Amino acid sequence: MTDSLHTPNRLIHDKSPYLLEHAYNPVDWRPWGNEAFAEARAEDKPVFLSIGYASCHWCHVMAEESFEDPLIAELINAHFVPIKVDREQWPDVDSFYMQACVGLQGHGGWPLNAFLMPDRRPFYAVSYLPAGNRHGQMGLCGLLSRITNLWEFDRVKLEEWADHLTESLALKPQSAQATPPDAHALAHQLEDGLLRAQDERHGGIGGAPKFPNVPALRFLLQRGKRDTYRMAARTLEAMARGGIRDHIGHGFFRYAVDRAWRTPHYEKMLQDNALLALTYLEAARHPDAIHYADADFMGVAGDTLAYITGKLAGEHRGFYSSQDADDPGGEGAYYRWMPEEIQNVLGADDGVRLCTLLGIGVDGGTLETKPNRTARCDPKMGCIHDDHEDVEGWLPFRATPLTEPDRAFLDACRPLLARARDQRPAPRVIFLCPILGNGLAISALATAARELGEPAYLQAAEGAARFVSEQMVRDGRLMGSWSGGQAVAPATVDGYAAWIGGLLCLHAASPKQNEWLHMAERWQAAQRTLFTRPDGGLALSGNDLRGELPADQSAVEDGATPSGAAMTAENLLALHRLTGDAQYRDDYDRLLAASLPEAEGQLISAAALLGAATMGE
């Protein structure tokens, strides 16, 4: 944002859309780098590190409440060296300090606010905070004052906290084991645990908020059993019907704030939609898919890819990272409908039919005219209803299966409603291209091109691959993000693995062209050099960035996307199968031997790795 009352701070020359949003904050932000930490040492100040990303709703809230506040800015500028980080540029920085937050608070989230010693060791971390005290919780202003006091009068305590927290985050070398844990035994344990934990009524795992957890879904599909497929398919079907899916304009939102997938967090991510498209494709080709006739998994995959190639496609052929959670008309206003709006577009009879199919204004089978209220959700307090601020209207969802005539009717109505919706001010698209999301999108598009025989998908995948190879490589190093015409921040092992996986999917879609296979082999060799630890495991950050963080991080744990170790394991198996080179199989075996002991204690977070581990038998 720009503000004529403020002169720009040191973020003004950055290319990150998120950092540029904060370039006119009165907080004198610095970008991540050695210069900021050298300043903290020279001035003997702690570092206030704030991490977020451009489509993050609560990042926007905290910016408005706190970082635009002159008094809070004065307190930060006087006693701290403030650093602002875009997590889409520096995912390894975000990962390290997020672990600190989860270790201290039991949960994480963005914006992530961490307090560091000048040598980058964290001593405290917390997610969103209001500016002042609220509901018995200390706000940012009080926390800044308390830490300032401790820095001045009890720094020994902060040093102790930093030592203890950094030690807990350090990657512990695994003791040499003659025989690593049995991958099949661990996979059976995870399978049993997921089946016991499933939500039988709504699909998925657990209560609200509810995330798709694609690594776990794909693990269930890979098991090849009737009960594991049933659990995955029930979840995929519930999401395809629910409000977490955009039934008018394609694609999926990031997660649901409720257990039944009805009300989404209004944010769409490239990586989520690419993975979901792959997952629906996998579900569609499973032999048991015939038992889920309403799900139309192949159609959902195509619908999701339409969002990626439509809304998130850049003119440079790469794909943008996300669409903002915030809405110019209020939370969810772009996506919500009143019954009379539908009838104005479709006419009275068709409007009533469409409203009935998509739950718009329907209560007990009767069309209502009173507005439906959307939940207002706090990242710590949960969801509440706040009628005086809410946007009117209903979010489309499907409570019942569709007949074929209903499906055809809905397909005919969608373009008309989409054109009407496009007259509203839309949530902005974030013009940043992440390597992780682009690699996954290439995989999804190339896989769909091969399975559906659709040349447009292959063309889009190849275009994105050209963009990455031409625009996101600097001095032979793959970069993590591209924005404003510039690639920045070295890619993590996750980014390398997603990119290599995309190249292998391209080769599978056009096997007569060896270009993509040769390129995958070259990048796999580069990844091996940069990220492989002596024991055969993988580090999240490259060895060319050694010292950038206080401790190394593993690449075994899944997040919203599969771990770097899991994607690499799948890539190594594919390369071995395609080339016959025994080095790939040796690297695969060493990777599993080093990674499975770590996975043993966190099975749900290692679902993708266990899926890859049991593929190699």
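Leu150 is located in helix H6, which spans residues 140-153; helices are DSSP runs of H or I with at least four residues, strands are runs of E with at least two, and both are numbered from the N terminus. The model is a predicted one, in which local features need pLDDT of at least 70 and side-chain atom pairs count only at pLDDT 80 or more, while totals for chains, interfaces and linings use all residues. Residues are numbered from 1 along each chain as its sequence is written, and side-chain values use heavy atoms, with hydrogens and water left out.

Leu150 has a relative accessible area of 6% and is therefore buried; buried means under 20% relative accessible area, exposed over 50%, and partly exposed in between, with a 1.4 Å probe and protein chains only. Apart from neighbours within four places in sequence, Leu150 is in contact (heavy atoms within 4.5 Å) with Arg155, Lys157, Leu158 and Trp161. Glu521 is 371 residues from Leu150 in sequence, and their C-alpha atoms are 52 Å apart in space.

**Backbone features**

| Residue | Feature | Location |
|---|---|---|
| Pro111 | cis bond from Trp110, omega about 5° | loop between helix H5 (91-105) and strand S4 (112-116) |
| Pro209 | cis bond from Ala208, omega near -10° | loop between helix H8 (183-197) and helix H9 (214-222) |

Arg317 counts as partly exposed because its relative accessible area is 39%. Asp475, at 79%, is exposed.

**Cysteines**

A disulfide is a covalent bond between the sulfur atoms of two cysteines. Taken here as a pair of cysteine sulfur atoms within 2.5 Å, the disulfide count comes to one. The bond joins Cys56 to Cys59, with an S to S distance of 2.5 Å. The link between Cys56 and Cys59 is right-handed, with 80° about the S-S bond, and both Cys56 and Cys59 are buried. Cys433 takes part in no disulfide, the nearest cysteine sulfur being that of Cys505 at 20 Å. Cys433 is buried because its relative accessibility is 0%. Cys505 is also in no disulfide, and the nearest cysteine sulfur to it, that of Cys433, is 20 Å away. Because its relative accessibility is 22%, Cys505 counts as partly exposed.

**The chain as a whole**

The chain contains 22 helices and 18 strands. Its radius of gyration is 24 Å, which agrees with the value near 25 Å that a compact globule of 617 residues would have; the radius is taken over C-alpha atoms, and the globule rule is 2.2 Å times the number of residues to the power 0.38. Along the principal axes, the C-alpha atoms fill a box of roughly 70 × 65 × 45 Å.

Of the 617 residues, 59% count as buried. Among contacts between residues at least 6 apart in sequence, 69% join residues at least 24 apart. The chain exposes about 24,700 Å², of which carbon and sulfur atoms supply 51%; accessible areas come from the Shrake-Rupley method with a 1.4 Å probe, and for residues only the protein chains shown count as cover.
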